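Please open the structure in your viewer and keep the selection tool at hand.

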Amino acid sequence: GWKIFDSYDQSIKILSFDQKNILALQKLAYLYLETEMPQKAESLYEELLEISSKTPALFTNLGLALFQQKKYEEAILAYTKAIELDKEQGERHSNLGKVYFVVGNLPAAEECFLEALRRDSRNIGFLYLLADCFLEDKKFSEAKKWYTKILDLSPYDEAAKEEVRRLKAL
């Protein structure tokens, strides 16, 4: 807990004499994200993007700050920009998929989760997101297929076992 205060104090101190110190701004913005102050994080990430608009991680973190505030359309834009700058990170596609899921655009969410899995086919978290999305979309055979894939990778996963049992009963 104290490290957060040390980092916060250190960042504030640096910014008091160098307002455009990128590392201090990044650290402070991240601390705001971690301590659930997304409005402050959003503001700092916007400022950072004015300085460095080619950094995908900044767009990803901005997307998270916007998502936490339920600014879904803006979060979609931020995550999309992060993906344009770095298509290879599965997590970026997964983040975008989560926003589409929340706003009810299940086909777009499914595509994002599939893209994430193309980059990391053994990621249990991505597999769950995709399976849950198909379940929500009432595509039961697809959901069962992906829950089964989870069990192929993690045979003792009780939640996946339960979903497969439920889906077989339909």
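**First selection: helix α6**

Select α6, whose 13 residues should span 18 Å at 1.5 Å a residue; the end C-alpha atoms are 19 Å apart, which agrees. The expected span of a helix is 1.5 Å times one less than its number of residues. Helices (H or I, at least four residues) and strands (E, at least two) are DSSP runs, numbered from the N terminus.

Before going further, please note that this is a predicted model, in which local features need pLDDT of at least 70 and side-chain atom pairs count only at pLDDT 80 or more, while totals for chains, interfaces and linings use all residues. Residues are numbered from 1 along each chain as its sequence is written, and side-chain values use heavy atoms, with hydrogens and water left out.

Which residues of α6 are buried? They are Gly90, Arg92, His93, Ser94, Asn95, Leu96, Gly97, Val99 and Tyr100. Buried means under 20% relative accessible area, exposed over 50%, and partly exposed in between (1.4 Å probe, protein chains only). Now display the surrounding helices: the buried residues of α6 pack against α4, α5 (72–85), α7 and α8. Beyond the end of α6 comes Gly104, which has a positive phi near 90°.

Two packed helices are described by the angle between their axes and the distance between the axes. Axes are lines fitted to C-alpha atoms, for helices over the stretch in contact, and angles run from 0 to 180 degrees between N-to-C directions. Angles under 35 degrees count as roughly parallel, over 145 as roughly antiparallel, 65 to 115 as roughly perpendicular and the rest as oblique.

The crossing of α6 and α7 is left-handed. A crossing is left-handed if the near helix is turned anticlockwise from the far one by less than a right angle, and right-handed if clockwise. To see the contact, show the side of α6 formed by Gly90, His93, Ser94, Leu96, Gly97, Lys98, Tyr100 and Phe101. From α7, show Leu106, Ala108, Ala109, Cys112, Phe113, Glu115, Ala116 and Arg119. Contact means heavy atoms within 4.5 Å. By class, this contact of α6 with α7 comprises nine nonpolar, four polar and three charged residues. Ala, Val, Leu, Ile, Met, Phe, Trp, Tyr, Cys and Pro count as nonpolar, Asp, Glu, Lys and Arg as charged, and the others, Gly among them, as polar.

The axes of α4 and α6 (residues 90–102) are 11 Å apart and meet at an angle of about 25°. These two helices, α4 and α6, are therefore roughly parallel to each other. The crossing in which α4 passes α6 is left-handed. On α4 the contact involves Pro56, Ala57, Thr60 and Phe67, and on α6 it involves Arg92, Asn95, Lys98, Val99 and Val102. Five of the residues in this contact of α4 with α6 are nonpolar, two are polar and two are charged.

Select Tyr72, which is placed in helix α5. Leaving aside neighbours within four places in sequence, Tyr72 is in contact with Phe67, Val99, Val102 and Val103. From Tyr72 to Tyr100 the C-alpha distance is 8.3 Å, although the two are 28 residues apart in sequence.

Go to helix α2 (residues 22–34), where 13 residues reach 18 Å from the first C-alpha to the last. Its buried residues are Ala24, Leu25, Leu28, Ala29, Leu31, Tyr32 and Leu33. Just after α2 lies Glu36, with a positive phi of about 55°. Glu36 is in the loop between α2 and α3 (38–51), and at 66% relative accessibility it counts as exposed.

Lys138, in the loop between α8 (124–136) and α9 (140–153), has a positive phi near 60° and is not a glycine. At 61% relative accessibility, Lys138 counts as exposed.

Is Glu163 buried or exposed? At 18% relative accessibility, Glu163 counts as buried. Glu163 is in helix α10 (residues 158–169), and, neighbours within four places in sequence left aside, contacts Leu135 and Tyr147.

Finally, select Asp120 in the loop between α7 and α8. Asp120 is partly exposed, with a relative accessible area of 32%.
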